[in-house]
Amino acid sequence: MIDIDNVIAGYTPEVDILKGMTLHANKAEIVTLLGPNGCGKSTLLKTIAGFLLPRSGRVMLEGADVSRQPVHHKIRHGGVGFVPQTENVFSALSIRENLQVGGHYMIRRDTQARIDELCALYPVLRKKLDTPAASMSGGERQILALARALMPRPRLLLLDEPSAGLSPKVLLEVFEAIREVRAKEGITILMVEQNAMEALRISDRAYVLSMGTVALTGQAAELMADPQVRELYLGGRAT
Ligand SMILES: Nc1ncnc2c1ncn2[C@@H]1O[C@H](COP(=O)(O)OP(=O)(O)OP(=O)(O)O)[C@@H](O)[C@H]1O
């Protein structure tokens, strides 16, 4: 579905942040990207989304080379959705208005029908549809950010630390929301996470990144079961 082939990218001409990154995700898989601070996880998502263009290597989406496509084109025409780590909802706008902003990128202009679908998937949104997003809890805001990115019916969803700043209980609710949309709509999800063990529980596979390359990859269940991997990469012992 998505194939990253030996991608080199960075923010300035002198420094490569991604140093030959190769990975893939199949249709309807949840794939998590793990790794220490600064290893390039967010940079990889930004490069797939088209905020950054690779210096070399290829980003292939459903068999097409989209390496040079800018972000607005990927969101409107390429079937890509992106939820950044911060500032991912408009606090002053209502929940409905936030969803309508996401609807701006729809090709089929059935905005209201899509809002209804997403409210059925995430009832927490329906209850507060006309209240400002500022009144939502952290977990609800994250679900709104997810729903807004889902408005144009993406086939690939990129999530940058969806659990950032959430309590352990709320984090599980957000991960459940991610699992539900994969089950309901069969979309592919590529997710950067710091909460490694919790993220792996809803993932099919994972990549551990280190200094701009892939250090380790495997099935989520196998990685969780490996004591050495847990010790080195997943923040210690499993519960
Ligand atoms: N806009 C930018 N301009 C220049 N350098 C940047 C920019 N954004 C990130 N970097 C640098 O790129 C490197 C990788 O950053 P990135 O945000 O991809 O890491 P990460 O693995 O997502 O880290 P974290 O887990 O802390 O979010 C870091 O050295 C960072 O300082």
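Q: Before we start, how is the radius of gyration taken, and what's the globule rule?
A: The radius of gyration is taken over C-alpha atoms, and the globule rule is 2.2 Å times the number of residues to the power 0.38. Keep in mind that this is a predicted model.

Q: OK, so what does the rule give for 239 residues, and what does the chain have?
A: A compact globule of 239 residues would come out near 18 Å, and the chain has 17 Å, so the two agree. Along the principal axes, the C-alpha atoms fill a box of roughly 45 × 45 × 30 Å.

Q: How many helices and strands are there in the chain?
A: The chain has 10 helices and 10 strands. As for burial, 42% of the 239 residues count as buried. Taking contacts between residues at least 6 apart in sequence, 67% join residues at least 24 apart.

Q: Switching to the ligand: which residues surround it?
A: Tyr-11, Ile-17 and Gly-35 are there, along with Asn-37, Gly-38, Cys-39, Gly-40, Lys-41, Ser-42 and Thr-43.

Q: How does that shell divide into nonpolar, polar and charged?
A: It has 6 polar residues, 3 nonpolar ones and 1 charged one.

Q: Gly-35 is in that list. How far is its C-alpha from that of Tyr-207?
A: The two C-alpha atoms are separated by 8.3 Å, while the residues are 172 apart along the chain. Tyr-207 is in strand 9, residues 205–210.

Q: Is Tyr-207 buried or exposed?
A: Tyr-207 is buried, because 25 other C-beta atoms lie within 10 Å and 20 or more is the cut-off.

Q: And what does it touch, leaving out residues up to four places away in sequence?
A: Tyr-207 touches Leu-23 and Leu-33, plus Val-214 and Thr-217.

Q: Let's look at helix 6. How many of its 13 residues are buried?
A: Helix 6 is mostly covered, with 12 of the 13 buried. The buried residues include Gly-139, Glu-140, Arg-141 and Arg-148. The helix covers residues 138–150 and reaches 18 Å from first C-alpha to last, close to the expected 18 Å.

Q: What do those buried residues pack against?
A: Among the helices, they pack against helix 3 (95–103), helix 4 (111–121), helix 5 (123–127) and helix 7 (168–185). They also pack against strand 6 (80–83) and strand 7 (156–160).

Q: What about the loop between helix 6 and strand 7, which residue has its place there?
A: Arg-153 does. Its phi is positive, about 55°, although Arg-153 is not a glycine. Arg-153 counts as partly exposed because it has 16 C-beta neighbours inside 10 Å.

Q: On to strand 8. How many of its residues are buried?
A: For strand 8 (residues 188–192), 5 of 5 are buried. In general, side chains in a regular strand alternate between the two faces of the sheet. In strand 8 both faces are covered, with Thr-188, Leu-190 and Val-192 on one side and Ile-189 and Met-191 on the other.

Q: In what sense does strand 8 pair with strand 3, and with strand 7?
A: With strand 3 (residues 30–34) the pairing is parallel, over 4 bridges. With strand 7 the pairing is also parallel, over 5 bridges. Leu-190 is the bridge partner of Val-31, and Leu-158 stands opposite Leu-190 too.

Q: How many bridges join strand 1 and strand 4?
A: Strand 1 (residues 2–9) and strand 4 pair over 5 bridges, antiparallel. Ile-8 stands opposite Ser-56 there.

Q: And strand 4 with strand 5?
A: Strand 4 (residues 56–61) and strand 5 pair over 2 bridges in the antiparallel sense. Met-60 stands opposite Asp-65, and Leu-61 has Ala-64 as its bridge partner.

Q: Which residue takes a positive phi in that hairpin?
A: Glu-62 does, near 45°, in a hairpin with 2 residues between the strands. Glu-62 is partly exposed, as 14 other C-beta atoms lie within 10 Å.

Notes
Residues are numbered from 1 along each chain as its sequence is written. This is a predicted model: local features need pLDDT of at least 70, side-chain atom pairs count only at pLDDT 80 or more; totals for chains, interfaces and linings use all residues. Two residues are in contact if their C-beta atoms, placed from the backbone, lie within 7 Å. A residue is near a molecule or strand if its C-beta atom, placed from the backbone, lies within 6 Å of it. Ala, Val, Leu, Ile, Met, Phe, Trp, Tyr, Cys and Pro count as nonpolar, Asp, Glu, Lys and Arg as charged, and the others, Gly among them, as polar. The expected span of a helix is 1.5 Å times one less than its number of residues. Two strands pair if DSSP finds at least two bridges between them.
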